[in-house]
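Here are my notes on the model. Please read them with the coordinates open.

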Amino acid sequence: MRTLWMSLAFSAALATIAGQSLAGETRAAQILDRFEHANQWRDHVMIAAHRAGSMQAGKTLYAENSLAAVEGSIAIGAEIVEVDVRRAKDGEFVIMHDSWLDRTTTCTGEVVKYTLAELKKCRLVIEGTGVVTNETVSTLREMLLTTRDRILINLDNKLEVTDLPGMIAEARDLGMADQVIVKENLWNRQRIDAASAALAKAGGGFQFMPILADDAVHDAGFAGEVDKAFAPRAIELINWRNGAETLTSTGGPLFSNHMRAEAARGDWHLWADTYAIVNKPGGFLAGGRGDELAVAASLPREAWGFWVDRGATIIQTDEPKAAIEWLAANGFRVPYTTDIKQAEPAHTASIN
């Protein structure tokens with residue numbers, strides 16, 4: 001009997017320790033676990049909010065690449081925010097998609113011709129409504145501080161591959177390198193070698209995600225080469241849309257059974273893009289099956305559902321809220337633990 005009680009007490013102690021450990025996990029840590037173990041989470045589809053999630057609801061909620069958009073994406077349950085990185089005149093990394101300021105701020109001209117102090121005088125604008133916010137152009141550091149321990153951040157490098165080590169160094173300085181996903185387009189051995197050389201200078205401890213597009217990569221076997229070179233946890237796959245009238249019926253060569261087998265063998269996620277590109281046909285990066293089809297045409301099954309059926313376990317979208325709601329309603333989302341620790345933002349900006 002004494003042995004039984006000791007065994008029960010020991011089991012209870014282990015359960016208590018495990019519970020305390022789980023309760024102490026940050027939101028980013030739980031997301032990272034799912035990101036790093038694709039094969040264990042094939043029944044859960046993660047959402048990456050494009051340009052921090054600013055585009056949802058017809059570009060009327062937030063300025064793109066803004067801290068407010070990040071807060072909105074965290075609130076709705078997105079796992080990743082994607083932001084764009086450029087440099088100011090004095091070398092500071094800043095968050096901006098376009099090379100020019102005209103579309104998204106109250107300033108005009110090229111980003112690279114402004115010092116950081118000058119950029120801080122520009123106000124971000126909500127594109128869909130023209131509303132001027134109180135937010136200024138963010139530095140990479142400010143964006144990292146806002147996401148730290150709360151959500152993973154995908155840095156879209158608008159500079160050279162040789163700039164990646166500097167971005168990673170900033171994240172490492174904040175103790176969050178593992179929460180950062182950097183990416184580069186790869187289409188041949190030379191590109192693999194260039195990215196390998198740059199990333200070697202960055203040290204380890206971060207996530208690198210290759211991007212493969214089927215206008216240049218026509219064989220899923222290339223993903224095997226990429227896997228051997230980088231052992232990525234996700235590969236971003238693009239199905240270019242050549243025409244404006246037809247929808248892809250297969251997903252193209254990169255969303256094949258061969259690719260799904262490569263992903264299972266390498267334990268990495270298939271990442272699909274459904275966001276819109278200005279002045280391009282709907283679903284330009286998704287064989288026509290993009291956010292426009294899901295929301296404007298009210299056919300989410302033919303867009304997000306199509307890519308899930310072809311193995312996508314991460315979807316980057318302009319409509320993160322709608323995508324999460326549809327995926328959850330159709331059994332493609334596994335809830336996170338209810339006692340997950342919600343870290344407070346390390347940096348807060350005033351917004352309208």
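1. Helices and strands here are DSSP runs, numbered from the N terminus; a helix has at least four residues and a strand at least two. The model is predicted.

2. Start with Asn 239. This residue sits in the loop between strand 9 (234–238) and helix 10 (257–266). Is Asn 239 buried or exposed? Its relative accessibility is 6%, so Asn 239 counts as buried; the cut-off for buried is under 20%.

3. Look next at the partners of Asn 239. Its side chain makes a polar contact of 2.9 Å with the side chain of Asp 214. Beyond four places in sequence, Asn 239 is in contact with Asp 214, Thr 248, Gly 251, Gly 252, Phe 284, Leu 285, Ala 286, Gly 287 and Trp 307.

4. How many disulfides does the structure hold? There is one. Cys 107 and Cys 122 form the link, with S to S at 2.1 Å. Cys 107 lies in the loop between strand 3 (93–95) and helix 5 (116–119). Cys 122 lies in the loop between helix 5 and strand 4 (123–125). The two are 15 residues apart, and the pair links distant parts of the chain.

5. Check the geometry of that link. The angle about the S-S bond is -105°, and the link of Cys 107 and Cys 122 is left-handed. Both cysteines, Cys 107 and Cys 122, are buried.

6. Now the core. The largest nonpolar core has 69 residues. Ile 153, Leu 155, Val 182, Leu 186 and Leu 212 touch the most other members. Setting aside residues up to four places away in sequence, Leu 155 touches Val 83, Val 85, Leu 140, Met 167, Val 180, Ile 181, Val 182 and Lys 183.

Definitions and conventions:
Residues are numbered from 1 along each chain as its sequence is written. This is a predicted model: local features need pLDDT of at least 70, side-chain atom pairs count only at pLDDT 80 or more; totals for chains, interfaces and linings use all residues. Side-chain values use heavy atoms; hydrogens and water are left out. A disulfide is a pair of cysteine sulfur atoms within 2.5 Å. Buried means under 20% relative accessible area, exposed over 50%, partly exposed in between (1.4 Å probe, protein chains only). A polar contact is a pair of N or O atoms within 3.5 Å; within protein, one must be able to donate a hydrogen and the other to accept it, and residues adjacent in sequence count only if both atoms are side-chain atoms. Contact means heavy atoms within 4.5 Å. A nonpolar core is a set of buried Ala, Val, Leu, Ile, Met, Phe, Trp, Tyr and Cys residues joined through side-chain atoms within 4.5 Å.
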